[in-house]
Amino acid sequence: MKQSMTSLVSLGLASVLLLAGCGKSDDVLVVGTNATFPPFEYVGGASGDEIQGFDIELAKQIAKDAGKTLKVENMNFDSLIVALNAGKIDFIASGMTITPERQASVDFSTPYYEATQLVLVNKDNTSINTIDDLKGKHIAVQLGSTGDIMAKTYSQKVTAFNTGFEAVMELKNNKVDLVLFDSEPAMSFLNKNPQLKMVELDFDAEFYGLAVPKGKTELLNSINATLTSMKSNGAYDALVTKYMK
């Protein structure tokens with residue numbers, strides 16, 4: 001098919017613009033997150049669409065210390081490592097637990113937060129008191145989360161959602177027996193849903209880390225330096241006080 005010269009020029013210009021848009025500026029550091037995990041990352045602010053939270057403030061300081069501008073990319077949690085290794089983002093700040101499986105794909109910063117799993121149930125549920133009581137229960141989790149991985153060791157009836165909010169709604173509608181979720185986000189959802197209660201079980205501790213692509217030593221060292229500095233100058237403790245109510 002023949003095209004006019006004008007069409008060819010327009011097509012060429014569009015291609016250049018498209019390619020230019022795909023590149024990441026050296027002055028910008030792109031962090032990937034899943035903003036459905038309060039208080040670590042969530043959507044709020046005066047405009048109602050600003051991504052905020054504990055992890056976001058860490059990421060802002062990391063970018064500042066590196067002399068760069070931070071850009072936040074919000075995506076599904078189970079897409080984060082794929083996006084990181086495809087070069088679409090520079091690092092992940094999303095309450096991501098350091099696990100051997102994830103360490104095979106990415107490099108993690110030094111741990112920056114200790115957490116555990118919590119069980120959320122409706123207040124009239126008295127059937128879950130030990131880890132053994134999870135066996136055979138219908139469990140709601142966030143897709144790709146530690147809870148998602150753990151739940152499958154207890155039950156074959158596991159429903160995974162893109163967000164913790166959806167999992168909690170499924171519980172409130174009595175479509176599942178419980179939600180298995182990280183402790184701080186679980187507490188955040190509990191505070192907004194008085195018809196629910198938490199059950200603390202004897203789960204192992206977990207540690208969150210910021211993830212970078214394998215071999216990105218310079219970026220990893222920069223992230224670790226910022227975390228060390230924030231912990232020594234009081235900035236980290238100030239964030240804990242601000243977000244972990």
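How much accessible surface does the protein have, and what share of it belongs to carbon and sulfur atoms? I read about 12700 Å², with 53% belonging to carbon and sulfur atoms. The areas come from the Shrake-Rupley method with a 1.4 Å probe, and for residues only the protein chains shown count as cover.

Ground rules next. This is a predicted model, where local features need pLDDT of at least 70, side-chain atom pairs count only at pLDDT 80 or more, and totals for chains, interfaces and linings use all residues. Residues are numbered from 1 along each chain as its sequence is written, and side-chain values use heavy atoms, with hydrogens and water left out.

Entry: overall make-up. I found nine helices and 15 strands. These are DSSP runs numbered from the N terminus (helices: H or I, at least four residues; strands: E, at least two). Of the 245 residues, 45% count as buried (under 20% relative accessible area; exposed is over 50%, partly exposed in between; 1.4 Å probe, protein chains only). I then checked contacts (heavy atoms within 4.5 Å). Among those with a separation of 6 or more, 69% join residues 24 or more positions apart.

Entry: H2 against H8. I took helix H2 (residues 54-65) and helix H8 (residues 217-233); their axes come within 9 Å and cross at roughly 115°. That makes the two helices, H2 and H8, roughly perpendicular (65 to 115 degrees; under 35 is roughly parallel, over 145 roughly antiparallel, the rest oblique). Axes are lines fitted to C-alpha atoms, for helices over the stretch in contact, and angles run from 0 to 180 degrees between N-to-C directions. From H2, Leu58, Gln61, Ile62 and Asp65 meet Ile223, Thr226, Leu227 and Met230 of H8. I sorted the residues of this H2–H8 contact into five nonpolar, two polar and one charged. Nonpolar covers Ala, Val, Leu, Ile, Met, Phe, Trp, Tyr, Cys and Pro; charged covers Asp, Glu, Lys and Arg; the others, Gly among them, are polar.

Entry: H8 against H9. The axes of H8 and helix H9 (residues 235-243) come within 4 Å and cross at roughly 75°. So H8 is roughly perpendicular to H9. Met230, Lys231 and Asn233 of H8 make the contact with Ala235, Tyr236 and Leu239 of H9. By class, I have four nonpolar, one polar and one charged in the contact of H8 with H9.

Entry: Ala86. Where does Ala86 sit? I placed Ala86 in the loop between helix H3 (80-85) and strand E6 (91-92). Ala86 counts as exposed because its relative accessibility is 52%.
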